Amino acid sequence: MELFPTSRVVLSIGSLQITWYAVLILIGAIIAYLLSERTMRRWGYKDNVLEDFFVPMLFIAIIGARIYYVIFEWNELYAQDPIRIFYIWEGGLAIHGGLIAGIAFGAWYFHRRKINGLRVMDAIFPNVLIAQAMGRWGNFINQEAFGGIVSASYYDGWPDFIKERMLIDGAYRQPTFLYESVANLLGFVLITFVYKRYGRRKRGDLAWAYFAWYGVVRFWIESMRTDALMAGNLRVAQLVSLVFVIVGIGGILGLWNRLFARFWPFRKEKPAILFDLDGTLIDSRALVDASFRHTMEVLRPQVTLTQNDLDDFFGPPLSVSFRRYFSEEAEVEEAIRVYRKFNVEQHDAYVKLFSGTKEVLEELKKDGYPLAVVSNKKSDVVRMGIAKAGLEDCFSVVLGGDELERPKPDPQGLIQACRQLEHGQDDVIYVGDSRGDIEAAKAMAAFSVALVQDPSREEELAALKPCALLHDIRELSGLVKEEREWSDPTIL
C-alpha cells in the first residue's frame, strides 16, 4: 500500500488505485446528497428514501458518464484496444452522460415510490451543481477539460499549483475547469438563495433553473476547450447544452407542464384531504370543557379553572394537558380514565356537527378526493363522533391517537393516513383548528389549512402562518379547485 504515489493517485494497493478524480467526485456527490436529504427530511420523508436512491444512482451515473465518453471517443481511443473501456482511472467521464443516466434511474425510482417528480427534482438538481463543481477539480488534477494556449504571464498572481498543472504538452492552457467550477458554485448560490425566494412560482422551477444555468455555462466553457468531445465538426457538449437550455427555459415558462400534463413527473393528482375531528368537523368544545371540569372536580376540586385553562386544554393530547396538574404518572393515567369515561357517556348529549360540514365532505368525496381523519383522540371515540355526525361514508381512513406511534404535532399520523389511502405524501391538505394540527402539517410540508371555528383562536392560528386560513368549511370547496401546489411552498 502506498499513499500519494503520483499526483493523480491518492492511494495505491497493488494494482488497485484510488484517484483524486474519484475522491473529489464522491465528496461532491456526498455533499449534494446531504443537502438533498435535508430538504426531503423537512418534507417528512425518512432518510432511507434518499439513501436507497443515492448509492445505486452514483454507480449508474458513473457508468452512464463512461459510456457517453466512450461512444464519442470510440474511433480515437477504444476501437483498437476495447479493454481500455474499463480503465476508468485514466479519466474519461462525461458529465452529460452521468446526468442522463442518473435522471433515468431517478425517474424510475421516485415514480415507483409515488414521490412527485417535479418536487424531488427541486430538492436535488440545484445541489448537483456542487458535485459538478467538485468534479472539475478532478479534471484539473488529471490535466483535462482545459482551454487554449495562453502566455505564462496569464498566470501572474495565480497560485503556483494551478499554474504548474496548467502546463500541458509544453504550453500553458486556460483553466476552463476553474471557470466552470466557479460558475457552478455561483449557480448553486443564485438558484438556492435568490431564485428560490424571489423567482420560483411552481414546482420544478428550481430544477428548470438548473438546466438553463448549467446549459449556458457548459455551452460557454465548451467554446474555449480544446479537448471537447466531437461528433464530426460539432461539439457534442454544446449541442446537449442547447437542449438543456431549451428544457430549462421551457420548464420555467410552464411549457412542459401543459404539453405533458398526463405524464410523470408533470401529472397532477388530486390532493388527499385529511381532517382533524374535534373543533374542525364536529363541535365538541362543550363536551371537552365539561369532561375537563368533571375530571378536575373529582380529582382536584381545590383547583379553579379559568377560561384560559379551558382553552389550553383543547387540542393537545390528554397526557400532555393533565401533566400540568398531576405530577405522578399514575395520577395522570387516572385523570385520563375519569375524563374518558365521562366523555363517552356524555358524548351524544354535547357533540354536534358544524354547519355545512356534511355537504362539503359529500361533495369532495363525489369529486374523487381521498378523504381521511387523523385525530389524537382514541379511535373508538373518533369513530363514535363520526357515526354520530353521519359521516361514516365520507372517509376511507380514520386514525385515532391509539393507532399512531406519535401524536400530533408529529406528522407520523398524516403520513400513515396517506399510506393507507395509497396516496403519495407530496399533495396533501390537512385541515385543523389547533396549533398541533398546523404544526403537524408543516412538519411534513403539507398544505396546512387553519379552520377558525372559534374566533378567539384566530390570532394564534394566523401567527403559525398556515397556507390558508378559513372561517367556514364551505370555503374549502372553492380552495381545492384552485391551481396550487398542495404542499407548503415555503418549506424547501
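By class, 4 nonpolar, 1 polar and 5 charged residues line the largest cavity. Ala, Val, Leu, Ile, Met, Phe, Trp, Tyr, Cys and Pro count as nonpolar, Asp, Glu, Lys and Arg as charged, and the others, Gly among them, as polar. The model is predicted: local features need pLDDT of at least 70, side-chain atom pairs count only at pLDDT 80 or more, and totals for chains, interfaces and linings use all residues. Residues are numbered from 1 along each chain as its sequence is written, and side-chain values use heavy atoms, with hydrogens and water left out.

**Exercise 1.** State which residues line the largest cavity.

*Solution.* 
1. A cavity is a set of points, on a 1 Å grid over the protein atoms alone, where a 1.4 Å probe fits but cannot get out; lining residues have an atom within 4 Å of a point.
2. The lining consists of Trp43, Arg119, Arg200, Arg203, Glu485, Ser487, Asp488, Pro489, Ile491 and Leu492.

**Exercise 2.** Determine how H1 and H5 are oriented to each other.

*Solution.* 
1. Helices are DSSP runs (H or I, at least four residues), numbered from the N terminus.
2. H1 (residues 20–42) packs against H5 (residues 117–142) at an angle of about 165°, their axes lying 8 Å apart. Axes are lines fitted to C-alpha atoms over the stretch in contact, and angles run from 0 to 180 degrees between N-to-C directions.
3. Angles over 145 degrees count as roughly antiparallel; H1 and H5 are therefore roughly antiparallel.
4. The residues of this contact (heavy atoms within 4.5 Å) comprise 19 nonpolar, 8 polar and no charged.

**Exercise 3.** Determine how H7 is oriented to H8.

*Solution.* 
1. H7 (residues 176–198) and H8 (residues 205–222) pack at about 160°, with axes 10 Å apart.
2. H7 is thus roughly antiparallel to H8.

Conventions:
1 Å grid on protein atoms, 1.4 Å probe; cavity = no way out; pocket = protein on both sides within 12 Å on 5 of 7 lines; lining within 4 Å. Helix = DSSP H or I, 4+ residues; strand = E, 2+ residues; numbered from the N terminus. Parallel < 35°, antiparallel > 145°, perpendicular 65-115°, else oblique.
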